[in-house]
Amino acid sequence: MKVATGKKAGFDCRPVESAREDFPILKTEMNGHPLVFLDSAASSQKPQAVIEAINTYYTTQNANVHRGVYTLSQQATDLFEESRLAVARFINAPSEKEVIFVRGATEGINLVAQSYGRAFLNAGDEIVLSELEHHSNIVPWQILAEEKNLSLKIIPVREDGSLDMDAYKKLLSSKTALVTVNHISNALGTINPVEEITKLAKECGAAVLIDGAQASIHGSIDVASLGADFYVFSGHKMLGPTGIGVLWGREDILEAMPPWQGGGEMIQSVSFEKTTYNELPFKFEAGTPHIEGVVGLKKAIDYLSQFDPADIIHWERKLLNHCTAKLTAIPGLRIIGTTQNKTSVVSFLVEGTHPYDLGIILDKLGIAVRTGHHCTQPLMEKYGIPGTVRASMALYNNKEDIDRLAEGVEKARNMLV
Amino acid sequence: MSINEKQDQIIDDFSLFDDWMQKYDYIIDLGKKLPIIEQEYKTEDYQIKGCQSRVWLRAYEQDGKVFFKADSDAVITRGIIALLIEVLSGQKADDIANSDLYFIDRIGLKEHLSPTRSNGLTSMIKHMKYYGLGLKKKLENHE
C-alpha cells in the first residue's frame with residue numbers, strides 16, 4: 001500500500017493509514033467476529049490518547065475550575081482554558097472568548113434558539129432551514145416559532161441528496177431572520193455549500209447558524225472565512241468524549257445575547273435586587289462544566305491535528321469510492337444520496353429487505369451500521385422510504401471493513417430475499 | 001396445548017439449530033409464512049410504533065378465548081411475531097394476562113426485546129397482555 005505523507009505548515013504529518021492502531025475498541029469482537037465499526041456518524045470511537053487523558057485527569061489533575069486558590073484547581077483551570085484555545089485554533093476563531101462549551105451540537109442550537117432567538121426574532125420573521133436537517137436542527141426552531149409566531153421555510157432536497165439552491169434563493173426575503181443548515185448531512189453525507197448559503201443569507205441581513213456535528217471529524221473548519229454567526233459541533237463525533245460540544249458565535253452577537261441558563265460561573269455578582277453577568281464566554285457556561293470532557297476534547301483535537309486534513313479527506317474519499325463500488329455491485333441495492341459532493345457516508349436500501357432486518361444480520365456478523373430514519377424523518381418522507389441502512393466511515397476504517405460490509409450485505413440478502 | 005407447553009415445544013425446536021444462521025433462517029421463514037393481516041387492519045389504529053420497524057396488531061375474542069393477528073414491515077420482526085402468536089393466540093384471557101414468556105430468553109432472542117432495538121415487539125407483548133386483561137375484566141363483569 002502506498003503511504004501518503006502529508007505536509008502541513010512545513011511539518012511531516014502522520015499517514016492516516018496508521019490511525020487505526022490507536023483505537024483499542026477496533027481490536028475487540030462483536031458476536032464472535034472482529035468488530036467492523038461503520039457507525040461513526042452516530043458517534044466516533046476514541047483513540048488511546050483521549051482515553052488516557054480522561055484517566056490522567058481524574059488520577060492527578062481533578063479539581064473544580066475557575067474557583068480555587070490552590071495549585072491543583074489552578075492547574076485544572078489551565079487545562080480547561082488551554083482546551084478552549086485549542087478549539088479556537090482548530091476552527092480558526094478570532095478569539096477564544098467566542099468558544100462556548102456546551103453538552104453537544106444539540107445544546108448549542110437550543111442555546112442560540114432560546115437566547116438569540118427569543119431576544120432578536122420577532123413575530124412574522126422567517127427561519128430558513130433544509131429538508132436535510134437532523135431533528136436537532138428542526139425542533140428547537142419549531143419550539144421558538146410557536147412561542148414567537150415565526151414561520152419555518154424549508155429548502156428542498158434534490159433527488160441526488162443535494163440542496164436545491166435555486167429554491168433556496170427564492171425562499172430568501174426581507175422577512176428572513178435566520179438561516180440554518182447542516183454542514184454535512186448525517187443521513188446521506190451530502191456536503192452542503194455553506195459558504196454560498198451564508199453569503200446569500202447575509203445579503204438579506206439574516207443571521208446564520210451552521211450545524212457542524214458531522215463536519216468536525218473530517219478535517220478543517222474555518223469559521224473566520226465562512227462568515228456565519230454561529231457554528232456548533234459535538235466532541236463525541238470527532239474522537240472526543242460524549243457530553244461535550246462547542247458553540248462558536250461571533251463576539252459582538254454573543255455580547256448582545258442574554259444569558260440562557262442561570263447559575264454559578266455565569267455571574268459577576270448576585271444580590272436579590274440585581275445580578276450582573278460574567279463576561280464571555282462564562283456568561284453562557286452556568287454551573288460546574290464537564291471538565292474531563294473539555295480535557296478529552298483537547299486531546300481529540302491534538303490527535304486529529306497530527307494528520308493533514310487533506311490526507312484525512314483523501315483517505316475517506318478512497319473508502320467512500322471503494323464502498324460505493326462494492327455496494328453498487330450487489331443486485332437490488334440502491335444508494336440514497338448520490339451527489340459527488342459528499343463525505344464518507346453510504347445510505348442504502350436493498351430491494352425486498354427492510355433496513356432493520358439487514359442491520360440485525362450484519363450485527364450477527366460483527367458489523368455495526370445504523371438502521372432507521374437517522375433522526376431525519378422529514379427527509380425519509382421525502383424519499384418515501386421507512387429508513388435506510390447507513391455505513392459511515394472515519395479515518396480509522398480501512399478497505400477490509402468495507403469488504404466485510406459488502407460480504408455481509410450479500411449474505412443478509414441471500415437469507416432475506 | 002397450554003401456553004407453557006407451546007413455549008416448551010418452541011424451545012425444543014430451537015435446540016436443534018447449531019448456529020445463529022440456521023436459527024435466523026427459520027425465523028425468516030416463519031416471518032414469510034405468517035398470514036398477512038387484512039389491509040383494513042393495517043391502519044394507524046392498529047399500529048404499534050417502533051423506531052426501527054412497525055408492527056400492526058389486532059385481537060378478537062371467540063368462545064372466551066383471545067385470538068391475535070399481526071404483521072410487521074420487517075421480516076425478522078414478523079418471524080418473532082409468528083412465535084408469539086403461536087404461543088398466545090387462542091388461549092384464555094386470564095392465561096395470556098398472567099403468562100411468563102420465558103421462551104424468548106431460552107431461544108436466545110431476548111436481544112430483540114431490548115428497548116434500544118425499538119422494533120415494536122416489547123410494546124406488542126404489552127398490548128397482547130392488555131387484551132388478555134381487558135377481556136378477562138369483560139368476562140368477569142358479565143358473570
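Author: The largest cavity is lined by S40(A), A41(A), A213(A), Q214(A), I217(A), H218(A), K237(A), S344(A), V345(A), S392(A), M393(A) and A394(A). This is a predicted model. The volume of the largest cavity is about 80 Å³. Sorted by class, the lining of the largest one comprises six nonpolar, five polar and one charged residues. Rolling a probe the size of a water molecule over the atoms is what shows such empty space.

Next, a salt bridge. D39(A) and R390(A) pair through their side chains, with 3.2 Å from N to O. D39(A) sits in the loop between β5 (36-37) and α1 (48-61) of chain A, while R390(A) belongs to strand β19 (residues 388-392) of chain A, so this pair ties together parts that are 351 residues apart in sequence. Strand β19 spans residues 388-392, and S392(A) is one of the lining residues of the largest cavity. Over all chains, the count of salt bridges comes to 23.

Now the backbone. Most residues other than glycine have a negative phi, and most peptide bonds are trans. Two places in chain A deserve a look against that background. L280(A) and P281(A) are joined by a cis peptide bond, with omega about 0°. P281(A) is placed in the loop between β14 (275-277) and α9 (291-304) of chain A. H374(A) is not a glycine, yet its phi is positive, near 55°. H374(A) lies in the loop between β18 and α12 (377-383) of chain A.

In the contact between the two chains, 15 residues of chain A meet 18 residues of chain B. The area buried between chain A and chain B is about 1500 Å², and carbon and sulfur atoms give 61% of it. Y356(A), K364(A) and M415(A) supply 41% of the area that chain A buries against chain B, more than any other three residues. What about charge pairs and polar links? On the side of chain A that touches chain B, α11 (355-364), β18 (370-372) and α13 (399-416) each supply at least two residues. Of the elements of chain A, α11(A) gives the most to this side, with six residues. By class, the side of chain A that touches chain B has seven nonpolar, four polar and four charged residues.

Terms used. Residues are numbered from 1 along each chain as its sequence is written. Chains are lettered from A and ligands numbered from 1 in the order in which they are written. This is a predicted model: local features need pLDDT of at least 70, side-chain atom pairs count only at pLDDT 80 or more; totals for chains, interfaces and linings use all residues. Side-chain values use heavy atoms; hydrogens and water are left out. Contact means heavy atoms within 4.5 Å. Buried area is the accessible area (1.4 Å probe) that two parts lose on being put together, summed over both. Helices (H or I, at least four residues) and strands (E, at least two) are DSSP runs, numbered from the N terminus. Ala, Val, Leu, Ile, Met, Phe, Trp, Tyr, Cys and Pro count as nonpolar, Asp, Glu, Lys and Arg as charged, and the others, Gly among them, as polar. On a 1 Å grid over the protein atoms alone, a cavity is a set of points where a 1.4 Å probe fits but cannot get out, and a pocket is an open set with protein on both sides within 12 Å along at least five of seven lines; lining residues have an atom within 4 Å of a point. Grid points are joined across faces, edges and corners, and a volume is the space filled by probe spheres set on the points. A salt bridge is a side-chain nitrogen of Lys or Arg within 4 Å of a carboxyl oxygen of Asp or Glu.
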